[in-house]
Number of protein chains: 2
Amino acid sequence: MIHRFIGGDQGGWQVRAQHTLCGAPLPAVAFVDRRPPASPAAAAPAPAGHWQLQGVSSHLRYTTRAERTRLQARQPALGRPEARCAALIPLRKSPAWWALAQDERRALFGPRSRHTAIGLGALPAIARQLLHARDLGEPFDFLTWFEFAPSERGRFDRLLVALRASPEWQYVEREIEIHLERVDGA
Amino acid sequence: MIHRFIGGDQGGWQVRAQHTLCGAPLPAVAFVDRRPPASPAAAAPAPAGHWQLQGVSSHLRYTTRAERTRLQARQPALGRPEARCAALIPLRKSPAWWALAQDERRALFGPRSRHTAIGLGALPAIARQLLHARDLGEPFDFLTWFEFAPSERGRFDRLLVALRASPEWQYVEREIEIHLERVDGA
């Protein structure tokens, strides 16, 4: 199923800030509309004046059984009432990353960058959904969606700092951080 | 980009035989139309009376650097003039497979089932394209497309026998083998 985010002048999430870490920016928008997952046949171009990002959820591609057991024991669901803050981070890795084989990517993700261990430190405060976009021919490889309570913003910022300091992030060539706040009633 | 196969009464590949190995069959058709890759926004439902299978190509998900180097040195391109035979194999694995973590799937795929080693034995005679369908919400997890010269049919059959005898195949719960022949002028 394809998940879509449409940036424009309406939606359930209001944009509070948008930072381009590297690569080309996205046009600034006031709202993001997070659409329910749908089959590819239901896909459509973005409305005029809007951008659209799409991806699919998948199984975990680098996580060992032991790591996954620890993650699943602590990770919260999306949609918690107190989680009024969200962040959408579209990200593209470099051709050099995709030229690596599975064992090389796993070594960078796991032993060298401690991606899962860093993520575990943010649980159960921060809910996360990873969507894969690269195989769809999208401009980004991944869209990550985070949800957390306003009181957890500092923890979220520290999570990003830790991930971006890891060797894995040397392969990131485009990254945009869009901070959102849930619209009342949405 | 999304690759689509449309089974019906026209297309560049004529169906010579269709075998259901396990799980529900697909309706019998006379031709398969292999469409050029397109963005999700170009997707459409299948025409009436036809079936449609779709998937995306991706990076290799279990292959080490050493294995990939051996594969790339030997694997032929699609579309060789002599490769007038093709096979389309849609396949679904069980929930038990998808409940495994990456390290467990890799152990089954590699050391226990020798998937890559078996595949190497069919190179350079048999060209192969693997498409991923599961994350799109499709009825199959994978669509594999093979192309070979008529003289290589025996080698292709032995490849399938060897793969299906592996521990990995105990996780296959639906598999259909559609043999095709290129239509002259297509």
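Visitor: What makes you say that chain B and chain A meet through the same surface?

Guide: It's because 100% of the interface residues of chain B are also interface residues in chain A. Contact here means heavy atoms within 4.5 Å, and 30 residues of chain B are in contact with 30 residues of chain A. Before we go on: this is a predicted model, where local features need pLDDT of at least 70, side-chain atom pairs count only at pLDDT 80 or more, and totals for chains, interfaces and linings use all residues. Residues are numbered from 1 along each chain as its sequence is written, chains are lettered from A and ligands numbered from 1 in the order in which they are written, and side-chain values use heavy atoms, with hydrogens and water left out.

Visitor: How do you know how the two copies are related?

Guide: Chain B can be laid on chain A by a turn of 180° and a shift of 0.0 Å along the axis, with an RMSD of 0.0 Å. The copies are therefore related as by a two-fold rotation axis. The superposition is by least squares on the C-alpha atoms of residues with pLDDT of at least 70 in both. In chain B, Pro40(B) comes closest to that axis, with its C-alpha at 2.8 Å.

Visitor: What area do chain B and chain A bury between them?

Guide: About 2,500 Å², with 49% of it on carbon and sulfur atoms. That's the accessible area (1.4 Å probe) the two parts lose on being put together, summed over both. In chain B, Pro40(B), His59(B) and Asp135(B) lose the most to chain A, together 23% of what that side buries.

Visitor: Why is Gln52(A) called buried?

Guide: Buried means under 20% relative accessible area, exposed over 50%, and partly exposed in between (1.4 Å probe, protein chains only). Gln52(A) has 16% relative accessibility, so it counts as buried.

Visitor: What makes the link between the side chains of Gln52(A) and Arg4(A) a polar contact?

Guide: A polar contact is a pair of N or O atoms within 3.5 Å; within protein, one must be able to donate a hydrogen and the other to accept it, and residues adjacent in sequence count only if both atoms are side-chain atoms. The contact between these two side chains is 2.6 Å.

Visitor: How do you know which side of H5(B) its buried residues are on?

Guide: In H5(B), Phe156(B), Leu159(B), Leu160(B) and Leu163(B) are buried. They cover an arc of only 95° around the axis, so they sit on the same side of H5(B). Arg158(B) and Val161(B), on the other side, are exposed.

Technical notes:
Helices (H or I, at least four residues) and strands (E, at least two) are DSSP runs, numbered from the N terminus. The arc is that of the directions from the helix axis to the C-beta atoms.
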